[in-house]
Every structure is written in structure tokens, then in C-alpha cells.
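User: Could we go through the aromatic rings of this model together? I'd enjoy a short tour.

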Amino acid sequence: MTHAYLYDAVRTPRGKARADGGLAQLKPQELVAGLVDGLQARGRDARDVQALVLGCVDQVGDQGANIALVSKLHAGVADDAYAFTLNNYCVSGLTAIGHAATQVAVGNLDRALAGGVEMMSRVPFLGDNASYYTDASLPKRTRFIPVVLAADRLAEKEGVSREQLDAVALVSQQRAGAAEADPALTASRVPLGGLSRDECARPQSTAQSLAAMAPSFAALATQYADALDGPIDHRHTIGHAPPICDGAGLALIGGAPKAADKPRARILGYAESGGDPHASLLAGFTAMAKVLERTGLTLADMDRIEFMEAFAVTIAKFHRDYPVDPAKVNVAGGHIARGHPMGASGAILVSTLLDVLDASNGRLGLVVCSGAAGVGAAMVIERLG
């Protein structure tokens, strides 16, 4: 089995998910095509590939009809490349990259594009109207509940305090604001549609402004009271929640380098995990443990970590319960500040990880993603400097 390499990875800015958002005038396939163009401009032959795999959660309306295939056609990717779209909830973008890397590693592909796209200004959260979201015939522990309610329930169960939630949210906002002044930390972000920054960030946030916010999601809980099977001590506010937004991320993955075609990193390991749907949001931790075991590495070995801020409770729990240096984690700000375009998020984090490793001259990096109903994924990469 050969190794899979990350030749490059790019991302769009993240635009607010509303009609006047910075990317809302574009279509999902235009975001992906813009990233293909961006890879080409960086000296990568991104159209001569054998596959395009995209994660996308709500595959209806503007994101229907196999958005990966639509994007392939729009971007002018080689005709004989296969294209398909997958939905693994908020882990989808990393799952797509993991799939492509596996196909490269076993010799089925030489080059592939993989990532994700989500335009929540065009297709709203739960826009596919799946019966699963409201199916009361399922056992309670398997029924769908929105991730923010899972986050509130997890914070209560784990004893993560409001003060801890505020603290991690403030760090995310502060770091996101500071990163905008450091071109190295945004080197792989491709301006698109006139937008060149992540417009959801609120770097003006303070400890006082975060502490003044009231818990935001008690009303939502009334709609899912039966599935929740008991009251929740609601702790998360809007300040602890990753904003819904538009965005895309795309990686160019291939086998062993040839001639001057130099990859940015090598993929050392990848793991997916399911989890207890009633607990939700914990499967990312399980996937992280799996990939570290498979690679024989530890958190202390990592020079940089991109840990998805799937609401403040997950990153607060990570810092509290794991032996990790906070200075290595989400150094350019995380989802709480920058936003969460669901199917794209995992791919965006891979691109971000490459940038923060380059900026620090680091060697080893880790991406961890979590999603609703017990889905998780993690990847370890080695920067090739």
C-alpha cells in the first residue's frame, strides 16, 4: 500500500448565511469551481484528476442533483473523473478527504479532489426535511435532536460550566481577529465573490459581553422534549455557537510525488467512528483516539491541532480532559468565531491545519471533527517542509 499525500488544500472565506452574505450571490458549484481555479493559480493541475468527492449535508435545491457532479462539470474537471456527493453530517468534508486518500493509498486513484461545500444561505439547516428529524416511532436514544441541544445536555452531564464555555469562546474570537493580520495563517484562503475574510467573526467580543448573553436554546428544546427525555440545564448562548454560514474547502490528493510536483503533507492516518446517538458529539474524541493509536503518536507529538468547535462544550472538554498544550490548538481561531458551513467544515480545517503548520514550521498536525447523532472523524498529517 502506498501513502496518500496532500498536494494542496484551499478554502473559501466563510460568508454569513443570509441574502446579503458575502458569498450568497454565488451557487455552490461556483464556490467549488473557484477553489479549482485557486489550485490552478497555485501551480496545481487540479483538473487532471480521476475523482471529485464532496461532502454536503443538505442535498436538495441548489445543492441537489449530485452537487459534486454539478461542480465537476462547472469547474471543467476531466470528463472521465467520477464524482459523487456524501453526507456524513458535519464530518462530511473530512470523510470525503479520507475516502479519496484511501483510494489513492490502495492504488485505485493517482490524483483526486475531495472536500465539501455548504451554502446555508441557499439551503437552510434541515432543508432536506427528512422524516428522521421528527420520527417519534424511533427509540428515544436514537431520535434526532439538534446538535445545540446535544451540546447543552453534554455540558450538563460533563459538568462544563458557563464560565468555561465563555472562556473558550473568547479565545476563539480573539485568535480569529489576530489571525487576520497574519497572512501566513490565511495563505490558503482563496478570495471569492468579492469576499476575502471570514465575515462571521466577532473579534470585538469581550469576557463581559459573552457573560451578559442569556442561554439561547431553551425554546428549541420544547420541540424535542419527548426525544430529550428530561429537562436540560441550558448553558450555551449564541456566543458559544458556531454561526451558520456559506463556504467550501477542497484538497488535491495524490500518490507518491513525481519530479518537481511537491506535496505539502503526507497523510499518516485517518479514522472514522460512530458513537452513542444519545450522547452525540463524542464520536470525534473516539476517532481521535483511534487515529493516534493507529499512527503510534500522542497529542504531545502534535505541533498543531485543528479541533472542531462543535459548540463550546467540545473544545472546553478537550482542554479540560486531555493532555494538550492550548497554544497548539485552533491557533487561528475556530468555528465559534469563523462559522460552520456543515459539509465543508472538515475540509476547511484540513486547509487551515496546513497553514498553521507552515506558519509555525511544525511537522505533525491533527484534525478532529464531530457531528450529530454520534459521528466523528480524525486525521493525522505530516508536513513536508
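This is a predicted model: local features need pLDDT of at least 70, side-chain atom pairs count only at pLDDT 80 or more; totals for chains, interfaces and linings use all residues.

User: Is Phe84 buried, exposed or partly exposed, and what is its relative accessible area?

Analyst: Residues are numbered from 1 along each chain as its sequence is written, and side-chain values use heavy atoms, leaving out hydrogens and water. Buried means under 20% relative accessible area and exposed over 50%, with partly exposed in between (1.4 Å probe, protein chains only). Phe84 is partly exposed because its relative accessible area is 27%.

User: Which kind of aromatic pair do Phe144 and Tyr224 form?

Analyst: Rings of Phe, Tyr and Trp (its six-membered ring) pair if their centres lie within 6.5 Å; planes under 30 degrees apart are stacked, over 60 edge-to-face, and the rest tilted. Phe144 and Tyr224 have centres 6.4 Å apart and 70° between the planes, which makes the pair edge-to-face.

User: How many residues apart in sequence are the parts that this pair ties together?

Analyst: Helices (H or I, at least four residues) and strands (E, at least two) are DSSP runs, numbered from the N terminus. Phe144 lies in the loop between strand S5 (111-119) and helix H4 (147-158), and Tyr224 in the loop between helix H7 (218-223) and helix H8 (225-228), so the parts tied together are apart in sequence by 80 residues.

User: Are Phe144 and Tyr224 buried or exposed?

Analyst: Phe144 and Tyr224 also belong to one aromatic cluster with Tyr132 and Tyr133. Both Phe144 and Tyr224 are buried.
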